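Welcome! Let us walk through a structure together, one question at a time.

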Amino acid sequence: MSMNVVDRSRIDVPLARRLVAGQFPEWADLPVRVMDRSGNDHRMFRLGENMLVRLPADPDFVPQVSKEQKWLPWLAPRLPLPVPQVRGAGRPSPDFPARWSVYGWLDGEPAAVAKIDDTARFAGEIADFLVALRNVPVPADAPAPGQHSAFRGGPLDHWDDEMAALLHRVHGRERDQAAGIWRDALAALFEGPPVWLHGDVSVNNLLISAGRLSAVLDFGCSAVGDPACDTVMRWTLFTGRARDEFRRRLDVDEATWARGRGWALWKGLIMITNKPPGQAEFARRVLDELFSGV
């Protein structure tokens, strides 16, 4: 049965197998299996031992595919750590109406579950990668922030109307503190040249091998613009010496940190009412960090 729109409920192993066989017959005999951590924005399937199939799971994420296919080969040789390698660029077809990708397999465990030997060193490794990313040359046709990046890298005032509603998810003194953080973030205008940013630096997109950061995944929210959204791990993950190391090595000005605090607040307020296990608790911890002034 053909698909007319991207529908995550119909993305499964048989579909992935048909797509590979139809467009990459040289890989048709390789086994296809669901990955344990398949992701929300894109569904992923292991293809043999050395590749994975990645399909957008919602129409909103379709524009990310062609962006990654074009720009990951540009970024990869200019970065200090491996990023996904495009092995095959899938085309829309009667089976699946959007572009999709085959990537090379990257070894390692997601930082969400991996053992990290030294969190301060890990924080420095992330910061060094982000510094290298923002120093990659910017071609004239590089992707400006937009729908494809979930507006990461663009002005925070894009979310101002939504924030007016989100502020009501906290109360009393906390609402006043949140409103103040947001005002400060809006006032700290981005005045530098646009640079490359990842857009979704999270423990699910960082691979660990032998206790060290070994690869960075998922450039779907990447763009060229304001890198403030890449500062959020200061509040979402790190404490103590690791937080100090991240801040020192990332080396951005106070206005960028202020905008980053706004990004972290926006995300925390969105997640504070989420139902999946652990998400509301995570958001509560992030908000506590923000309200403590760290």
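Below are some questions and answers about this model. The model is predicted, so local features need pLDDT of at least 70 and side-chain atom pairs count only at pLDDT 80 or more, while totals for chains, interfaces and linings use all residues. Residues are numbered from 1 along each chain as its sequence is written, and side-chain values use heavy atoms, with hydrogens and water left out.

Q: In which helix is R259 found?
A: Helices (H or I, at least four residues) and strands (E, at least two) are DSSP runs, numbered from the N terminus. By that numbering, the helix that spans residues 254–271 and holds R259 is α8.

Q: Is R259 buried or exposed?
A: Buried means under 20% relative accessible area, exposed over 50%, and partly exposed in between (1.4 Å probe, protein chains only). R259 has a relative accessible area of 5%, so R259 is buried.

Q: Which residues does R259 touch, not counting residues up to four places away in sequence?
A: Contact means heavy atoms within 4.5 Å. With residues up to four places away in sequence not counted, R259 touches L156, A185, A188, L189, F190, D226 and A228.

Q: How far apart are the end C-alpha atoms of α8?
A: The expected span of a helix is 1.5 Å times one less than its number of residues. For the 18 residues of α8 this gives 26 Å, which agrees with the distance between its end C-alpha atoms, 26 Å.

Q: Which element gives the most to the lining of the second largest pocket?
A: On a 1 Å grid over the protein atoms alone, a cavity is a set of points where a 1.4 Å probe fits but cannot get out, and a pocket is an open set with protein on both sides within 12 Å along at least five of seven lines; lining residues have an atom within 4 Å of a point. The second largest pocket is lined by 15 residues, of which F190, G192, P227, D253 and T256 lie nearest its centre. With 3 residues, the element that gives the most to this lining is α8.

Q: How much space lies in the largest cavity?
A: Grid points are joined across faces, edges and corners, and a volume is the space filled by probe spheres set on the points. There are 3 cavities of 30 Å³ or more in the structure. The space in the largest cavity is about 60 Å³.

Q: Which elements give two or more residues to the lining of the largest cavity?
A: The lining of this cavity consists of L130, R134, W196, L197, P227, D230, T231, L250 and V252. The elements that give two or more of these residues are α3 and β7 (195–197).

Q: Where is V83, and is V83 buried or exposed?
A: V83 sits in the loop between α2 (62–75) and β4 (86–90). Among the residues it touches are F129, V216 and F219. At 6% relative accessibility, V83 counts as buried.

Q: How far is the sulfur of C229 from the closest cysteine sulfur?
A: A disulfide is a pair of cysteine sulfur atoms within 2.5 Å, and the structure holds 0 disulfides. C229 is buried, with a relative accessible area of 5%, and C221 counts as buried at 7%. The closest cysteine sulfur to that of C229 is in C221, too far for a bond at 8.4 Å.

Q: What is the phi of A210?
A: Most residues other than glycine have a negative phi. A210 lies in the loop between β8 (206–209) and β9 (212–216), and is exposed, with a relative accessible area of 76%. Although A210 is not a glycine, its phi is positive, at about 50 degrees.
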